[in-house]
Structures are given as C-alpha cells and as structure tokens.
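Please take a moment to look over the sequence and the structure shown here.

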Amino acid sequence: MVCVALSIWIGLYGVVRRESSAVVGSPAVVVYEEHVVVLTSGGNVVRLNHVSKEYRRDEAAVVALWDVTLHVAEGEFCALMGPSGCGKSTLLNIVAGLDHPTSGELFLEERSTSNLSDREWTGLRRSLIGMVFQSFHLLPTLTAEDNVALPLLLQGENGRSVRRRVAESLARVGMEPRARHRPGELSGGEQQRVAIARALVHRPRLLLADEPTGNLDSRSGTDVIALLRSLSKELRQTVLLVTHSQDAARAADHIHMMRDGQLDGASA
Ligand code: ADP
C-alpha cells in the first residue's frame, strides 16, 4: 500500500529535479516566488483535437477513443460521463500525459504536447496538473499534513514554505484541524479531502479527478463535489471530472457524455 501510493507519486511528479521544470504554456504573466507561477490568459487549458487512441494486442485492436475533440476553458468545471469502457480514463490519462494519442493532438494551455519527452511531461505535471483518484492513495503511516507535503518533499523542497503551503492547502479543503491525524483516523470523505489538498499543494492550474466519489457514501460524495465546484468558482481552478454519478456531474458547468470512445454531446 505504501509502495503503491509512493510509486504513483514518483511516477507522476518525479523526484528532486528542480531545474527540469518544463513550463510549456503560453504565459501572459510569470511570477517568480519560490517557484515559477504562470498565469494564463483565460483561454483553453485543455484542447483535444481529433484525438484517437487505439490499443493493439497481438492481432486485435481496441479503439478506446475515436476522433475526440474537446475544449476545457480556464476555470471551467467539466464532467465526463459514460458507461464503463467508453474511454473516460483513457482520455484523462492522455490529458495527464500518462498515455499518448495514436492520432490527433493534445494542447495544454494552447501549446501542443506532441513532441514532449517523458522528462518534459514530468515537469509539466509538476507545474500544471494535480490528480485525484477514486482510491485516495494516502500513506497510512503519515499524518494528513505529511501526506500533503509529500509531493513537495519529493521535489526537494523543504522548510517554512512547505509548511505554509501544506497549511494553506489543508485549510482550502477544510481539513486543517485534522492535520495531525493519520488516514486511519479519518472518514473516507475526509481522506479524499486530504488527497485533494495533496493534489493542490503545488498549485496546479488543472485538476484531474477520476471517479473521486466512487468510494464515498453519498453525503461525503456531495461534499467532495461541492469542494471541487468551489475550487473552480472561487479560485478559477480548471477541473476535469470523470464520474458515473449523475448528481456529481450536475454540479459541473458542462457535462460531456461519452459512448464507445466518442463524445456524444455536451449539456450545460
Ligand atoms: P472507462 O474509463 O470509460 O471505463 P477506459 O478508458 O478504461 O474506459 O477503456 C476504454 C477501452 O479501452 C476499453 O475497452 C478498455 O478495455 C480499453 N483499454 C484501456 N486501456 C487499455 C490497454 N492498456 N490495453 C488494451 N486495452 C485498453
């Protein structure tokens, strides 16, 4: 469990390579703090242009995505729905750079990602992308605040700025009072809040959430979705949510329905 959660984070964000932060984007403003923060100009954060994805095994081919064109604007809360196997996770993985299109192109902040190396993708995830999963992937032996600090510590950050950002992130999700608690002392909904705080701690401009309410009771699920909506409305955080839940999707600005690897249509 510890190994799985740690390896997921190392796989997504890498370890201690501060000089490699590849900011691909079209920055309108660049602010230097301890980090480079790029403020976008309000365009599309995500743009898939006729993206298809085919998996091949032996002679058989599985078309997971077919000719998907999708725009997600800055600050938008966008939900993807559809039956199991319709390609939702594949789409999210492509946006996160964990998988790559067979054809078509993905733009993040209006820059093509087609020629990025793995190292550049890792840097891009660090600067742009936060991820939340159905399983919370918290390390059971660490407190909530240490779990939230982990992505920063893996990047070689330390000291007061880490503590400040962890406290900010936990406060943002209403979990500051439980900062010293371990996951086993928290409810499922509280653990997911801590996982969201961890996804936010490096101040990503895009939050990808894959079935974040899938392991929660309906009340906790509603709270988590309300939190994602508040991030989008109050902080202009762009959120791309994959969900099976009609209730969760209803909180979004746009719902995109998928079927057989294709987008069926969107509703406001
Ligand atoms: P969803 O998230 O909507 O349940 P997925 O994106 O996981 O759907 O899968 C879409 C289709 O692609 C499914 O038919 C699935 O079996 C197939 N698929 C996903 N990943 C792979 C893979 N690595 N190799 C082969 N087929 C895959």
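The model is predicted. In the protein there are 8 helices and 12 strands. Of its 268 residues, 44% are buried. Among contacts between residues at least 6 apart in sequence, 73% join residues at least 24 apart.

Which residues are around the ligand? They are Tyr55, Arg57, Val62, Ala64, Gly82, Ser84, Gly85, Cys86, Gly87, Lys88, Ser89 and Thr90. Two or more residues of this shell are given by each of strand E3 (44-57), strand E4 (60-73) and helix H2 (88-95). Helix H2 supplies the largest share, 3 residues. Sorted by class, the shell around the ligand holds 6 polar, 4 nonpolar and 2 charged residues.

Helix H6 spans residues 188-200 and helix H7 spans residues 218-235; their axes come within 9 Å and cross at roughly 20 degrees. Because of this angle, H6 is roughly parallel to H7, as angles under 35 degrees count as roughly parallel. Is the crossing of H6 and H7 left-handed or right-handed? The crossing is right-handed. On the H6 side, Gly188, Gly189, Gln192, Arg193 and Ile196 take part in the contact, and they meet Ser220, Asp223, Val224 and Leu227 in H7. The residues of this contact divide into 4 polar, 3 nonpolar and 2 charged.

Key:
Residues are numbered from 1 along each chain as its sequence is written. This is a predicted model: local features need pLDDT of at least 70, side-chain atom pairs count only at pLDDT 80 or more; totals for chains, interfaces and linings use all residues. Axes are lines fitted to C-alpha atoms, for helices over the stretch in contact, and angles run from 0 to 180 degrees between N-to-C directions. Helices (H or I, at least four residues) and strands (E, at least two) are DSSP runs, numbered from the N terminus. Angles under 35 degrees count as roughly parallel, over 145 as roughly antiparallel, 65 to 115 as roughly perpendicular and the rest as oblique. A crossing is left-handed if the near helix is turned anticlockwise from the far one by less than a right angle, and right-handed if clockwise. Two residues are in contact if their C-beta atoms, placed from the backbone, lie within 7 Å. Ala, Val, Leu, Ile, Met, Phe, Trp, Tyr, Cys and Pro count as nonpolar, Asp, Glu, Lys and Arg as charged, and the others, Gly among them, as polar. A residue is buried if 20 or more other C-beta atoms lie within 10 Å of its own, exposed if 12 or fewer, and partly exposed in between; C-beta atoms are placed from the backbone. A residue is near a molecule or strand if its C-beta atom, placed from the backbone, lies within 6 Å of it.
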